[in-house]
Amino acid sequence: MSAKAISEQTGKEYLYKYICTSAPVQNRFRYANVTTETDFQRLTQEHPWLLTERLVVKPDQLIKRRGKLGLVGVNLDLNGVKEWLKPRLMKETMVGKAKGILKNFLIEPFVPHKQTEEFYVCIYAAREGDYVLFHHEGGVDVGDVDAKAQKLLIGVDEKIGEDQVKRELLTKAPNDKKAILASFIVGLFNLYEDLFFTYLEINPLVVTKDGVYVLDMAAKIDATADYICKSKWGDVEFPPPFGREAYPEEAYIADLDAKSGASLKLTLLNPRGRIWTMVAGGGASVVYSDTICDLGGVDELANYGEYSGAPSEQQTYDYAKTILSLMTREKHPDGKVLIIGGSIANFTNVAATFKGIVRAIRDYQGPLKEHEVTIFVRRGGPNYQEGLRVMGEVGMFFFSCCLRFFLSFFFFFLQNFLQTPADCLLMLTATQEKPPESRFMSLAQKPKASTLFTKHTKALVWGMQTRAVQGMLDFDYVCSREEPSVSALIYPFTGDHKQKFYWGHKEILIPVYKNMSDAMRKHPDVDVLISFASLRSAFESTMETMQYPQIRTIAIIAEGIPEAHTRKIIKAADEKGVTLIGPATVGGIKPGCFKIGNTGGMLDNILASKLYRSGSVAYVSRSGGMSNELNNIISRTTDGVFEGVAIGGDRYPGSVFTDHVLRYQDTPGVKMIVVLGEIGGTEEYKIGQAIKQGRITKPVVSWCIGTCATMFSSEVQFGHAGACANQASETAVAKNKALKEAGAYVPKSFDELGEIIKSVYDGLVSKGVIQPAEEVPPPTVPMDYSWARELGLIRKPASFMTSICDERGQELLYAGMPITEVFKSEIGLGGTLGLLWFQQRLPKYACQFIEMCLMVTADHGPAVSGAHNTIVCARAGKDLISSLTSGLLTIGDRFGGALDAAAKQFSHAFDSGMLPMEFVNKMKKDGKLIMGIGHRVKSINNPDMRVQILKDFVKQNFPSSQLLDYALEVEKITTSKKPNLILNVDGFIGVAFVDLLRTCGGFTRDEADEFVEIGALNGIFVLGRSMGFIGHYLDQKRLKQGLYRHPWDDISYVLPEHMSM
């Protein structure tokens, strides 16, 4: 969504803070907000003027014509304001058809003035620029300002001047006020542009001898410009329309949407409603809502929402659980219904999104049963078979008595459901090979091309969209094109290189350029650019593209480009004769010739919808998802699609319906035209005018979605930014009526669209206008390995196996434990190590012991060989990894590596039944050292406190320490011979760890012994001492120590006598 209404207080705050004008603006920041929580004593401390001035009070909740509704208290003192608020604050009020609670009020100083000092000013955005309206008589009785007011159009990229304002707008204004009014209007317009307003109305604007007073104000801003205006806007709160509450769940989904590259929308209409929807696609979501309302479900429709743009499994899960949480809070006597649906997706992986929904259903299985929720499912698109299978499984497993699963004729069953009680029987239809069948089913300054695409069209793709490019190449191949349609990619974030793709069975290389100029220079035959640039970079990259005359068509995929930027792009394109498709589009397709990006979906849908060869029907749609639905409908009811374009869902698409309809009219191969419009805007009327004027003579089948909007009591912004009616003429109902009166074929509902298309087509065939072409089987394209594996069609031995970690899902798993649970359980570093090394959730004492071992082995001074090597390496200028590796390479039997060896020796002796003295004597006889015994510095008289700390912990916490006790008996024997032959820290950790593995209850004896054999215990020393080595490296760098050279006096030079003489 782009244009969003803001509160009067927010609008005035922006005006007072940022307007630049010589006109003296009075009462700046003099307003106070009142709610049920307001403490008037504190309020008067913050705003002392409330006690001394006459006041005005009014609700600030996006209510129009408050004065006429008696919702403005005028010329009151503070006590009068309180009395005025008593019967109104938190009281239910009807405003038009909307019923809501008055809960937010604004108090401002009363401005005494004459009627002749009231004026009307309004600025609003249009495709061609911004209109400034001025009327010399403002106030509550201003009437029809569109008919009365003076109007000035400031074109895109044009500036406004005071002389121009005086000349065009202020002809009827008092002469003594023209200068101040002109200065204010110019400043207001500049503010409007700088802060990306789309609508700004002041009525009345009062001008007295003291200056300018902004009394009442209404405004909308372009929410997509947040990344530009954040520093000035701050954190904007967008209040809901009056009659609808602001719910925290809506804010939660809006926050998810803002953080995601996908689109996630949720509007609560009636939280107590029986019918809930979870629909994919901005256009499809409107069609579902229309159908529910057409079938009498408007009063029971609980929500409007949509998810699209390939949301991840986790994002879909978050979205679904929000809806399930809302719908299971209050019971309905007749049970509830959840509709999970959408059109045929172009690129969204249906299985991935359905898996997120299934996770949410599993979490809410109890409440769903309790609330007797019946679920309907209908979806098509990439991997839809797997998605529907997963949905079917969860239905049978959890609540097979109430899951309804429909692949086709969805609305037929929905209609039966609304008319008769649900019988709660599971209904499954067989998975089909084809996508699910559906019954819902400006004048340019320079001429633009009438034919956008041919079989020889070449394109550049901006962005590293390898999947979309491969889809285009596969389409080219099944269309029997001689060469790929993609000549090169442009990606500024890497150097020039070549990217591998498939052309049929063989691999090819397509160049990738860092700079657009290089791509254009090396590929002069390219005339189409497909831009996958982000919403932040789309404007600059598109404007750069239009510097190259060879480009005749640009498709802009990104959604969320600020409208002011889009209008600048449109203006430049009109001047240069460039055709724009988008923004906020999937693109377009010309069967047998060329397709844009992901249009038409995966190859199976391309084949099912016969898009590999040309048909006789051309269409234009706003919605990308619904364009794929049209591909399906047209392929089943006619000989197929000739060309289809989705112009995009923004308020100002780069090209409009008539641009394409007139092209189709002038294209001999097109025999009939289908137009799928929607609520918002007035472009559809131009089609009707062209039909009436005889400019369009070919049959036009048309339908505008969004007919449900007139049934709602409050304004609803649908999924597309442009899908909102700002006046009666922009409603879908009004446009459908006008198109029918003009001579277009208009069905009664979207459900009948396919039937009307078939009827018109059959008539043209019978008249001989259309001669259906013979079917030609397309070439076979091999399926990509990754996609075949995704569909479960193939298997292959893995190159690696792992059993400790899995990063593939939405959440990292350590030995099966989600990372969130790792932190929630507070198992610490020791517990994490237990999961990754031993695949066990170890007892708390075991986790603590591991951490203690890491602490006591972390360092033992700079003199030991490992630390010494690390220091020497660091002083030689080597990096951290090299220096650390140098130190680690010294670890072995003589330094630090005795943990495993000690564990093995002592375990073997103990397990074989040797007495400690027998063990010592045997090792002496065999001429072997006892690993873990002996220390260069510490002795029985100078004990190692590290060992003592560990010994105390083991004795207090371990259930058994048999091997440690055995080792301590050995120590008594060895120290009696020499005091430094103690059980050192390596030996202690080695034997204690064996005790831990054998007695903690997590391992069998064989498993415990296996960990010793494979070297797990030495890992403790390696991990612990790495901390110390890194510390020595950082220490040397911090101290800026130079290259180390060992001193001569510390080296004994012993050379052969005959060499030294």
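Biologist: Which residues does the UniProt annotation "domain: CoA-binding" cover?

Modeller: The model is predicted: local features need pLDDT of at least 70 and side-chain atom pairs pLDDT 80 or more, while totals for chains, interfaces and linings use all residues. Residues are numbered from 1 along each chain as its sequence is written, and side-chain values use heavy atoms, without hydrogens and water. UniProt positions follow the numbering used here, with shortened feature names, and annotations may be inferred rather than shown by experiment. In this unreviewed entry, the annotation covers residues 452–561.

Biologist: How far apart are the end C-alpha atoms of that span, residues 452–561?

Modeller: Helices (H or I, at least four residues) and strands (E, at least two) are DSSP runs, numbered from the N terminus. On that basis residues 452–561 are 25% helix and 29% strand. The end C-alpha atoms of the span are separated by 24 Å.

Biologist: Which residue is the bridge partner of Y502 in β22?

Modeller: Two strands pair if DSSP finds at least two bridges between them. Strand β21 (residues 497–503) pairs with β22 in the antiparallel sense over seven bridges. The two form a hairpin with two residues between them, and G504 in the turn has a positive phi of about 65°. Within β22, Y502 is partnered by E507.

Biologist: And which residue in β22 stands opposite I490?

Modeller: Here the other strand is β20 (residues 486–490), which runs parallel to β22 (residues 506–513) and is joined to it by two bridges. Opposite I490 stands Y513.

Biologist: Which strands stand at the edges of the six-stranded open sheet?

Modeller: The order in this sheet is β27-β26-β29-β28-β30-β31, with mixed pairing. Each edge strand has a single partner, so one side of each is left without a neighbour in the sheet. The edge strands are β27 (594–595) and β31 (700–705).

Biologist: Which residue in β31 does L676 stand opposite?

Modeller: Strand β30 (residues 672–678) runs parallel to β31, and six bridges join them. The residue opposite L676 in β31 is W703.

Biologist: Is H720, the listed active site, buried or exposed?

Modeller: UniProt lists H720 for "active site" in the unreviewed entry. H720 lies in the loop between β31 and α23 (732–742). Buried means under 20% relative accessible area, exposed over 50% and partly exposed in between, with a 1.4 Å probe and protein chains only. At a relative accessible area of 12%, H720 is therefore buried.

Biologist: Which residues is H720 in contact with, leaving aside neighbours within four places in sequence?

Modeller: Contact means heavy atoms within 4.5 Å. With those neighbours left aside, H720 is in contact with G282, G283, R622, S623, G649 and E678.

Biologist: Which residues does T328 touch, beyond those up to four places away in sequence?

Modeller: T328 lies in the loop between α10 (313–327) and β17 (336–342). Its relative accessibility is 13%, so T328 counts as buried. Not counting residues up to four places away, T328 touches Y364, P367, L368 and H371.

Biologist: How far apart are the centres of the positive and negative side chains?

Modeller: Lys and Arg count as positive and Asp and Glu as negative, while His and the chain ends are not counted. The charge is placed at NZ of Lys, CZ of Arg, CG of Asp or CD of Glu. The protein has 119 positive and 121 negative side chains. The centres of the two sets are separated by 2 Å.
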